[in-house]
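Dear colleague,

Please find below the structure that I am handing over to you, with its sequence. My findings follow directly after it.

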Amino acid sequence: MIALPQRQPRAMDKKLLDILVCPVTGAALSPLTAEQRDALNARVREQALRYVDGSLVEAPLDDGLITDDRHTVYRVDDDIPVLLPDRGIPFEDAAAA
């Protein structure tokens, strides 16, 4: 498998970040750190990371948002936050590995 270089995430507009919340709990969201993203992507490579709906996370994350309680991550694809309840990624599972 050829490793593709990771796209550098752009900084999300502060005004947008201030109004985005978790669609399930209403918790505030913060950008993923590089360390958090790398931990998630390690689980993606192992095919060991699942969305809340149980489906496999198949593509690595270029960027993401994490709830302030550190329970759920949402992808940011092409600079667009994917805030769908069934597309949350439980962060406890990723951090436990």
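Val52 is placed in the loop between α2 and β2, where helices (H or I, at least four residues) and strands (E, at least two) are DSSP runs, numbered from the N terminus. Its C-alpha atom is separated by 6.6 Å from that of Pro90, 38 residues apart along the chain. With neighbours within four places in sequence left aside, Val52 is in contact (heavy atoms within 4.5 Å) with Pro85, Asp86, Gly88, Ile89 and Pro90.

Please note that this is a predicted model, in which local features need pLDDT of at least 70 and side-chain atom pairs count only at pLDDT 80 or more, while totals for chains, interfaces and linings use all residues. Residues are numbered from 1 along each chain as its sequence is written, and side-chain values use heavy atoms, with hydrogens and water left out.

Overall architecture

The protein chain has 3 helices and 5 strands, and from the N terminus on these elements follow the order α-β-α-β-β-β-β-α. Of its 97 residues, 33% are buried (under 20% relative accessible area; exposed means over 50%, and partly exposed in between, with a 1.4 Å probe and protein chains only). Among contacts between residues at least 6 apart in sequence, 56% join residues at least 24 apart. The accessible surface comes to about 6100 Å², and carbon and sulfur atoms account for 56% of that surface. These areas come from the Shrake-Rupley method with a 1.4 Å probe, and for residues only the protein chains shown count as cover.

Confidence

The average pLDDT (the predictor's confidence in each residue, from 0 to 100) is 87 for the protein chain, and 85% of the residues score at least 70. Over residues 1-8 the pLDDT is below 50, and this stretch has 6 contacts in the model beyond near neighbours in sequence.

Tyr51 and the nonpolar cores

Tyr51 belongs to the largest nonpolar core, which has 11 residues, the others being Leu32, Leu40, Val44, Leu49, Val57, Leu61, Ile66, Val73, Ile89 and Phe91. Such a core is a set of buried Ala, Val, Leu, Ile, Met, Phe, Trp, Tyr and Cys residues joined through side-chain atoms within 4.5 Å. Apart from this core lies another, of 8 residues, including Leu17, Leu20, Ala27 and Tyr74.

Leaving aside neighbours within four places in sequence, Tyr51 is in contact with Leu56, Val57, Arg75, Asp86, Arg87, Gly88, Ile89 and Pro90. Arg87 also lies over the face of the Tyr51 ring, at 4.2 Å from the ring centre. A charge sits over a ring if NZ of Lys or CZ of Arg is within 6 Å of the ring centre and within 35 degrees of the ring normal.

Residues with positive phi

Most residues other than glycine have a negative phi. Which phi does Gln47 have, positive or negative? Gln47 has a positive phi of about 55°. Gln47 is found in the loop between α2 and β2 and counts as exposed because its relative accessibility is 60%.

Arg70, likewise not a glycine, has a positive phi of about 65°. Arg70 lies in the loop between β2 and β3 (72-77) and, at 38% relative accessibility, counts as partly exposed. Beyond neighbours within four places in sequence, Arg70 is in contact with Ser30, Gln36, Phe91 and Glu92.

Ala39 lies in helix α2 (residues 34-45) and is partly exposed, since its relative accessibility is 31%. Its C-alpha atom is separated by 9.6 Å from that of Phe91, 52 residues apart along the chain.

Ala59 is placed in the loop between α2 and β2 and is partly exposed, with a relative accessible area of 37%. Ala59 and Asn41, 18 residues apart in sequence, are 8.4 Å apart in space, C-alpha to C-alpha. Not counting residues up to four places away in sequence, Ala59 touches Val44 and Arg75.

Yours sincerely
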